[in-house]
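Okay, thanks for coming, everyone. Let me put the structure on the screen and then we'll walk through it.

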Amino acid sequence: MFSSWLSRLCRGLSTPTGRVTHLIQGSLSRRLMLSSQRRIPELSSFVARTNTCGELRSSHLGQEVTLCGWIQYRRQNIFLVLRDFHGLVQVVIPQDESAASVKKILCEAPVESVVQVSGTVISRPPGQENPKMPTGEIEIKVKSAQLLNTCKKLPFEIKDFVKKTEALRLQYRYLDLRSFQMQYNLRLRSRMVMKMREYLCNLHGFVDIETPTLFKRTPGGAKEYVIPSREPGKFYCLPQSPQQFKQLLMVGGLDRYFQVARCYRDEGSRPDRQPEFTQIDIEMSFVDQIGIRSLIEGLLQYSWPSDKDPVVVPFPSMTFAEALASYGTDKPDTRFGMKIVDISDVFRNTKVGFLQDALSKPQGTVKAICISEGAKYLKRKDIESLRKLAADHFNQCSVLGKLRLECADLLEARGLVLRDPALFSFLWVVDFPLFLPKEENPGELESAHHPFTAPHPSDIHLLHTEPKQVRSQHYDLVLNGNEIGGGSIRIHDAELQRYILATLLKEDVKLLSHLLQALDFGAPPHGGIALGLDRLICLVTGAPSIRDVIAFPKSFRGHDLMSNAPDSLPPEELKPYHIQVSWPADSEAEKSSLNQPYHPES
Ligand code: ASP
């Protein structure tokens with residue numbers, strides 16, 4: 001396990017992608033120049049080490065090196081294994097009298113203390129090589145050592161195989177980040193984002209533009225975080241996405257925009273959501289759906305990690321209607337079949353009461369999922385759990401989609417492989433409806449994507465008569481059953497935008513008067529998309545949660561368990577914002593916890 005993570009980490013760091021050049025000697029500037037030609041990062045420039053722990057091999061034999069790292073473990077006061085982000089290296093603790101002070105430092109420093117050692121790279125004695133360690137052919141004969149900082153008793157061991165609760169990992173996140181797994185995830189994320197920037201800016205002329213995070217409420221979308229201002233009764237909102245700004249940039253003639261954008265949504269806890277998350281946000285003028293789709297396919301192909309199977313383009317596409325009919329969801333996992341099939345015709349003349357009943361209803365259908373080898377693999381208790389799931393979600397249309405996924409889980413629990421973890425199955429879902437009935441009030445409409453999405457050109461005539469029938473120019477990108485992106489061609493006609501906002505969505509257009517005005521001043525046709533970076537990286541790395549690809553995520557309940565945010569403020573600090581807390585009756589304890597020591601969520 002460890003060696004596979006390590007080799008993946010190293011592969012990502014040291015694979016030469018260009019001309020191979022020898023660079024061992026020479027000035028710093030020459031080394032930097034050569035490494036930029038080779039496109040291998042120089043990992044030891046500007047700092048107090050000559051090499052990383054993980055990079056040393058037999059080719060370095062005889063070299064004098066200085067290494068800095070954390071003490072991973074010590075064996076019999078003879079060997080010490082030193083770790084940095086790049087890997088592990090064995091250091092031989094000198095035993096002779098003349099090196100007594102070096103021995104004392106290396107033998108007495110607790111595990112996870114930080115040390116600097118200088119010495120010679122030597123080969124391990126025959127038979128003592130460790131083939132599981134990338135540096136296993138060599139060791140360091142130490143001449144001098146310095147204790148840079150000591151480490152107190154840790155709340156958990158820094159070893160990937162040591163199990164710890166997520167709450168503890170989040171409370172001591174800075175320690176958790178030392179694990180190879182977290183190092184791998186965050187470094188892969190950084191490399192992918194760099195490749196995306198390269199593709200967008202250098203190859204396709206996009207401009208990286210930052211947009212404000214103190215903004216105002218956007219009608220018709222996710223719930224937003226509210227920020228008090230010093231003006232009585234006035235609040236900023238944190239943007240749920242840079243949507244309005246990127247459209248305004250198009251009006252401003254910045255016709256290819258992108259941003260690695262932080263977005264905020266106060267949507268409560270869900271396993272695959274975070275209150276603050278990152279989007280690769282993109283907008284272009286004079287573009288159609290096909291243009292955006294090709295751009296994104298190229299972007300993913302270009303930035304895809306080299307240790308994964310290459311991305312095959314173009315991605316297949318499916319209409320929203322087809323996705324619902326065949327997979328029972330608008331984000332189908334197309335890695336396996338077991339599609340939903342309509343078998344109503346078979347039962348037209350049935351005498352079976354509940355089927356007759358279903359078919360007699362308007363639009364009533366009988367649908368089935370064929371589980372090949374189901375009889376062989378599924379046990380009675382599996383069938384029971386399927387029956388329970390169906391009963392729990394009775395009358396939701398999405399129930400068949402849930403059953404399909406549950407069947408796949410059950411079959412996989414019995415040893416069948418339906419969803420190859422190495423397979424990345426991308427899919428465009430298109431032709432969404434422009435509006436959906438509001439969940440809390442089905443008589444009213446809400447946007448299926450957001451209110452700036454343009455109607456499908458073939459359905460515009462239905463906008464005034466049958467708005468529910470209008471399809472939109474909204475597209476979602478799905479990967480292995482997860483929505484990883486979504487976007488649309490936008491409305492650039494102010495009148496149409498006003499009609500949709502005011503008449504169909506019953507929103508307060510005053511809130512968007514700036515945007516409506518901008519559309520009137522020669523707004524170009526435009527469209528865009530946003531990729532959910534956290535979810536994408538989570539799928540690429542195979543991490544169990546998006547929290548594993550974010551350096552400092554919030555807990556399931558939206559708290560920062562390390563610093564205890566959100567936190568209380570004393571009344572005098574709230575005064576400038578004209579805010580008073582009205583404490584709920586049962587929160588006396590919380591009130592008195594102001595300035596009390598903090599206890600993390602368990
Ligand atoms: N702003 C949209 C979102 O966050 C994406 C887009 O339409 O470009 O879902």
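Before going on, the housekeeping. This is a predicted model, so local features need pLDDT of at least 70 and side-chain atom pairs count only at pLDDT 80 or more, while totals for chains, interfaces and linings use all residues. Residues are numbered from 1 along each chain as its sequence is written, and side-chain values use heavy atoms, with hydrogens and water left out.

Helices and strands here are DSSP runs, H or I of at least four residues and E of at least two, numbered from the N terminus.

Now some distances. A side-chain N or O atom of Arg490 sits 2.7 Å from a ligand oxygen. For His449 that kind of distance is 2.9 Å, and for His450 it is 2.9 Å too. The protein covers 89% of the 280 Å² of accessible area that the ligand has on its own, with areas from Shrake-Rupley and a 1.4 Å probe; for residues, only the protein chains shown count as cover.

Next, the inside of the protein. In soluble globular proteins, nonpolar side chains tend to be buried together. The largest nonpolar core here has 42 residues, and Leu200, Ile282, Ile296, Leu300, Phe426, Leu477 and Leu536 touch the most other members. A core, by the way, is a set of buried Ala, Val, Leu, Ile, Met, Phe, Trp, Tyr and Cys residues joined through side-chain atoms within 4.5 Å. Buried means under 20% relative accessible area, exposed over 50%, partly exposed in between, with a 1.4 Å probe and protein chains only.

Elements that each give this core at least two residues include β10 (276-285), α8 (289-303) and α16 (533-541). The largest share, 7 residues, comes from α6. Take Leu536: leaving out residues up to four places away in sequence, Leu536 touches Met192, Met196, Leu300, Trp304, Leu479 and Ile484, contact being heavy atoms within 4.5 Å. A second, separate core of 21 residues includes Leu82, Ile93, Val102 and Val117.

Two single residues before I stop. A polar atom of the Thr541 side chain lies 3.2 Å from the backbone oxygen of Cys538.

Then there's Pro110, in the loop between α3 (100-108) and β4 (114-123). At 31% relative accessibility, Pro110 counts as partly exposed. Beyond its neighbours within four places in sequence, Pro110 is in contact with Ile71, Arg74, Thr150 and Cys151.

Finally, the whole chain: 18 helices and 19 strands, with buried residues making up 45% of the 602. Okay, that's me done.

Conventions: Polar contact = N/O pair within 3.5 Å; in protein donor to acceptor, adjacent residues only side chain to side chain.
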